[in-house]
Amino acid sequence: MTILATEGLTRRFPRVTALDQLTVTVGPGVTGLVGANGAGKSTLIKILLGLLEPSAGRAQVLGMDTATKGAEIRRIVGYMPEHDCLPPDLSATEFTVHMAQMSGLPRTAARERAADVLRHVGLYEERYRAMGGYSTGMKQRVKLAQALVHDPRLVLLDEPTNGLDPQGRDEMLALIRRIGSEFGISVLVTSHLLGELERVCDHVIVIDGGKLLRSSAIGEFTQQTQTVTVEVEEGQDALAARLGELGETVTPHGRMLLVHVRAPETFDVLRDAVCELDLCLVRLEQGRQRIEDVFREPVNV
Amino acid sequence: MSEPTGVIHDIGYRHYDGARLGRGHATAALAVHSLRGIFGLGRTARSKIIPFVLVGVMLLPAVVSIAIMALIKQEGMRYTEYAVIMQAVLAIFLASQSPYAVAPDLRFRVLPLYLSRPVTLWDYVGAKLAAMTAAMFLLLAVPLTVLFVGEVVIDLPGDTHTVEYLTSMAGAAGYALLLACLGIAVASFTPRRGLGVASVIALYLLASAVSTVLFGVLESMGDDAAAAWAWLINPFFVVDAAVHVGIFGATPASNVIYPPGAGSLVAGVIMIALIGLSVTALIARYRKAASR
């Protein structure tokens, strides 16, 4: 089943080409759309909602053409924008009920759905307070709630983890995972961090400068991200040298070392090297692949 | 998709399979939401103060007129004069509340959310205009109706002014439509509420001052015919001339004399042109806002 598909999608603005011959297909589940700022993510979302006309090419969402069926698409698709979009003088409940009605739900149904959805995103007593006093985390939850309130078949989430602290980020990612699996709503989520999408997505699409860089299932990506980040208090150079001698590939990255995992033994080698050099190990973690890493690697995968 | 089985601690996510109504429902919901916002209903107590104080002020002449009718048995205020006499209050309400209807959506960027729903730009603009028109109509129609009810209850000797009342209600609709279009159009150009308030009130003061000064100058020069045209610079006299005098043949408000002959027709044309211009400006404004 295809949730959305684009074919040679191009959008040119007077100064820049935001999308350049983009052809992708997205299936059910959670799909990550990764790209640096200005890669064309938001432009793609606007086209998918039928709010912007492509200069060339076509796009289909849930089997409907975006150029002709915009209103029908927007009826069963939810959208969470990247920017702030909440009037500060309304409470989360009032706002979510109103947005449900704007999607065509009758008033009583809108009330029920709003209460349900706000509970699901984790807003309880505070939902009766004016949103002006909310923290960024709470605002992000309301933004997500208004995108889900009409029980869409697909939600487009534009940078939902923006501005959140690490804990809030984890909670938001867990919520996105739940939307995709438990709620049975397909998700297209954008981010400029591949590492965080890796944890929740079934499929990842990487675009840069409006061009498709890669589109593949998450399994293929994790194979690519076999690096370990090592941070030691002192003696980083000594460790790098030792690992080099032992035949590992090491790249210094600021205060950290990125060690390529060629086989499970690499972890043992690393552990032993740290012990032998008697270093103070601060951090050892599975490499979070960042968007730049994808650009560095050959695209022929 | 499979429903979770055997889970009892959480009822889980429930899908919605009820009715999904069309654009009309959504537009109506937006209009009602905006109308409530204009009067501060469902908002903080502070945002109710200005609209309700102004509603109170608008009711004062009606109450005083009823008192005059009841106590000294004399006729009170004429229905068709009501809007012209209270024009400053109407203008203040328009200036203070029309930015409330449009500015927050621009400032807090709620507009993209509306546009991600089935409604179109036209629906959005239509709903906002409908809400402001309804608000202005209520502001004017409620005191007029109170006055009429008072007149019927007191039952002075002589005819009740039913025709005059109905004429003034038609006029109220005309005032509401023209003022709402002007107010919303001007207010929509800035996301800052304060600036919106200032712009609308400045526009009203300018129109009213220019109209009065021009009338004075022309009259002192002895050019009464030209002076009469000067009234039509003020939108309040435009509606009075077009609807009350033009369509229903009522006497002009207070001591005003409108240009004879084509005067009412021209007033009608001015009214329609101003409404058309406002709507065009609004659509152009929102096309630009939406493409951001």
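What follows is a tour of the interface between chain B and chain A.

First, some ground rules: this is a predicted model, where local features need pLDDT of at least 70, side-chain atom pairs count only at pLDDT 80 or more, and totals for chains, interfaces and linings use all residues. Residues are numbered from 1 along each chain as its sequence is written, chains are lettered from A in the order in which they are written, and side-chain values use heavy atoms, with hydrogens and water left out.

On the chain B side, 33 residues are in contact with 41 residues of chain A (contact means heavy atoms within 4.5 Å). Together the chains bury about 3,500 Å², 55% of it from carbon and sulfur atoms; that is the accessible area (1.4 Å probe) that two parts lose on being put together, summed over both. In chain B, the residues that lose the most area to chain A are B:Tyr13, B:Arg20 and B:Arg117, together 23% of what that side buries.

Now for charges: the interface has two salt bridges (a side-chain nitrogen of Lys or Arg within 4 Å of a carboxyl oxygen of Asp or Glu). One of them pairs A:Asp89 with B:Arg43, with the closest N and O atoms 3.5 Å apart.

Finally, look at A:His98. This residue touches B:Ala29, B:Leu30, B:His33 and B:Tyr114, leaving aside residues up to four places away in sequence. A:His98 counts as buried because its relative accessibility is 3%, and buried means under 20% relative accessible area (1.4 Å probe, protein chains only).

Technical notes:
Buried < 20%, exposed > 50% of the residue type's maximum accessible area, 1.4 Å probe, protein only.
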